[in-house]
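Hi everyone, thanks for coming. Let me put the structure up, and then I'll walk you through its charges and its sheet.

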Amino acid sequence: MSETGRLRIDKWLWFARVVKTRSAAAALCEDGSVRLNGTRIDQAHKPVRIGDVLTVAVANRVKVLKVVSLAERRGPYSEAQHIYEDLSPEPPRTELPSPVAEREPGAGRPTKAERRQLDRFRDE
């Protein structure tokens with residue numbers, strides 16, 4: 001743990017394995033994709049302390065992470081899980097589309113008349 005009780009936000013995101021590289025973490029901060037305690041940040045050198053809440057928009061998802069501890073190195077994923085508490089909301093469940101038209105297995109390609117029937121069915 002750091003003696004000062006704080007750590008650069010880009011290093012912490014890298015230690016927590018939110019991103020693959022530290023430069024990617026810095027770019028994420030500078031793009032404005034990270035919020036620290038609800039405030040949008042645009043600098044990678046902002047300090048993070050224990051108890052802070054980070055909101056990170058990464059990979060078409062929003063992750064809400066509470067800082068539990070500060071790491072000294074980037075360890076394996078099992079260690080990285082212990083430095084934050086995940087407060088992210090569950091992603092919305094998407095319904096699978098119902099099948100439009102199914103054919104029997106082994107029925108082969110549809111004939112011309114069957115293709116016309118399928119086209120009429122899809123146009124409706």
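**Charges and strands**

Let me start at Arg 116, which sits in helix H4, residues 112-123; helices here are DSSP runs of H or I with at least four residues, strands are runs of E with at least two, and both are numbered from the N terminus. Before going on: this is a predicted model, where local features need pLDDT of at least 70 and side-chain atom pairs count only at pLDDT 80 or more, while totals for chains, interfaces and linings use all residues. Residues are numbered from 1 along each chain as its sequence is written, and side-chain values use heavy atoms, with hydrogens and water left out.

For us, buried means under 20%, exposed means over 50%, and partly exposed is in between, with a 1.4 Å probe and protein chains only; the areas come from the Shrake-Rupley method.

Arg 116 also belongs to a positive surface patch, together with Arg 109, Lys 112, Arg 115 and Arg 120. Patch residues have over 30% relative accessible area and no salt bridge, and like charges are joined within 9 Å. Lys and Arg count as positive, and a charge is placed at NZ of Lys or CZ of Arg.

Now the salt bridges. The structure holds 3 of them, each a side-chain nitrogen of Lys or Arg within 4 Å of a carboxyl oxygen of Asp or Glu. Asp 10 meets Arg 8 at 3.0 Å, N to O, and Arg 22 at 3.4 Å. The Arg 22 pair links distant parts of the chain, with Arg 22 in helix H2 (22-30) and Asp 10 in helix H1 (9-15), 12 residues apart. Asp 10 is buried at 2%, whereas Arg 22 is partly exposed at 33%. Through shared partners, Arg 8, Asp 10 and Arg 22 form one network. Elsewhere, Arg 73 bridges to Glu 79 at 3.1 Å.

Finally, the sheet. What is the order of its strands? This open sheet of 5 strands runs S3-S2-S5-S6-S7, with antiparallel pairing; two strands pair if DSSP finds at least two bridges between them. S3 (39-40) and S7 (84-86) are the edge strands, each pairing on one side only. Strand S6, residues 61-67, is joined to S7 by 3 bridges, and Lys 66 stands opposite Glu 85 in S7. On strand S3 we find Arg 40, which is exposed at 53% relative accessibility.

Methods: Patch = residues over 30% accessible without salt bridge, like charges linked within 9 Å, V, L, I, M, F, W, Y side chains within 5 Å. Areas by Shrake-Rupley, 256 points an atom, 1.4 Å probe, with all protein chains shown as cover.
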